[in-house]
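Have a look at the structure below before reading on.

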Amino acid sequence: MNIIAENENVICIELTREDMCELDITYDELDYANIETRRVLWTLLDEARHKLGKDIRLTQKMLIEAVPDSKGGCTIFFTVSDGPEGRNGKKQLVKVRNVKIICGSDNIDDISALSEVLARDGRVVKSELYTDGDMYRLIIYPETSYFRSIENVVCEYCDICEDDVTAYTYEHWKMLASPDAVGILSALS
């Protein structure tokens, strides 16, 4: 288990397949309506409280995002709201299945510079580059536990597109590189 405080309001807990077995839960069983899921989540928050030395109040409003990884584990993000506390702080569990980042730019140099940074980190599992003749789209499939940090890097170089452009891109745009567009672009830079 790896526990990271991404910032003051976000805690990231990476669980391996073995961690999931020890907690006696699978990604598919995660459901906040289930008492076992709540037991696991509060166990994880208690563990984070001890490791980080952070006061985590269970009365706060919280968004809980679970992202599976390809090895049977998952990453869980706990985002605490800055809103007022109450006895029944609302909790919402969101399960994310397709983890990809779609970024676009009319400047291939921006995409290349981004690719150079991403290649150095080595956290991209797959990447594809498309063009419509004027614009470029880079579709990035990061390791799930690094999704947010890669998304933050992408924002510095390109615009992030909505997920609903994926099908249109696949159907109408020309593919320039796959499955390692990031590696190809970084080698050309």
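How many disulfides does the structure hold? The count is 0, where a disulfide means a pair of cysteine sulfur atoms within 2.5 Å.

## Ground rules

This is a predicted model, in which local features need pLDDT of at least 70 and side-chain atom pairs count only at pLDDT 80 or more, while totals for chains, interfaces and linings use all residues. Residues are numbered from 1 along each chain as its sequence is written, and side-chain values use heavy atoms, with hydrogens and water left out.

## The fold in outline

The protein chain has 6 helices and 10 strands. These are DSSP runs, numbered from the N terminus: H or I of at least four residues for helices, E of at least two for strands. Of the contacts with a separation of 6 or more, 71% join residues 24 or more positions apart; a contact here is heavy atoms within 4.5 Å.

Of the 189 residues, 42% are buried. Buried means under 20% relative accessible area, exposed means over 50%, and partly exposed is in between (1.4 Å probe, protein chains only). The accessible surface of the chain comes to about 10500 Å², with 46% belonging to carbon and sulfur atoms; areas come from the Shrake-Rupley method with a 1.4 Å probe, and for residues only the protein chains shown count as cover.

## Cysteines

Take Cys 155: the closest cysteine sulfur to its own is in Cys 103, 9.4 Å away, so that gap is too far for a bond. Cys 155 is partly exposed at 49% relative accessibility, whereas Cys 21 is exposed, with a relative accessible area of 57%.

## Charged pairs

Side chains of opposite charge can pair when their charged atoms come close. The whole structure has 4 salt bridges, each being a side-chain nitrogen of Lys or Arg within 4 Å of a carboxyl oxygen of Asp or Glu. Among them is Glu 36 with Arg 39, whose closest N and O atoms are 2.7 Å apart. Both residues sit in helix H2 (residues 35–52), 3 residues apart, or about one turn of the helix. Glu 36 is partly exposed at 36%, and Arg 39 is partly exposed at 34%.

Helix H2 also holds Arg 49 and Asp 46, again 3 residues apart, and their salt bridge has its closest N and O atoms at 3.3 Å. Another pair is Lys 126 with Glu 128, at 3.3 Å between the closest N and O atoms. Here Lys 126 is partly exposed at 31%, but Glu 128 is buried at 6%.
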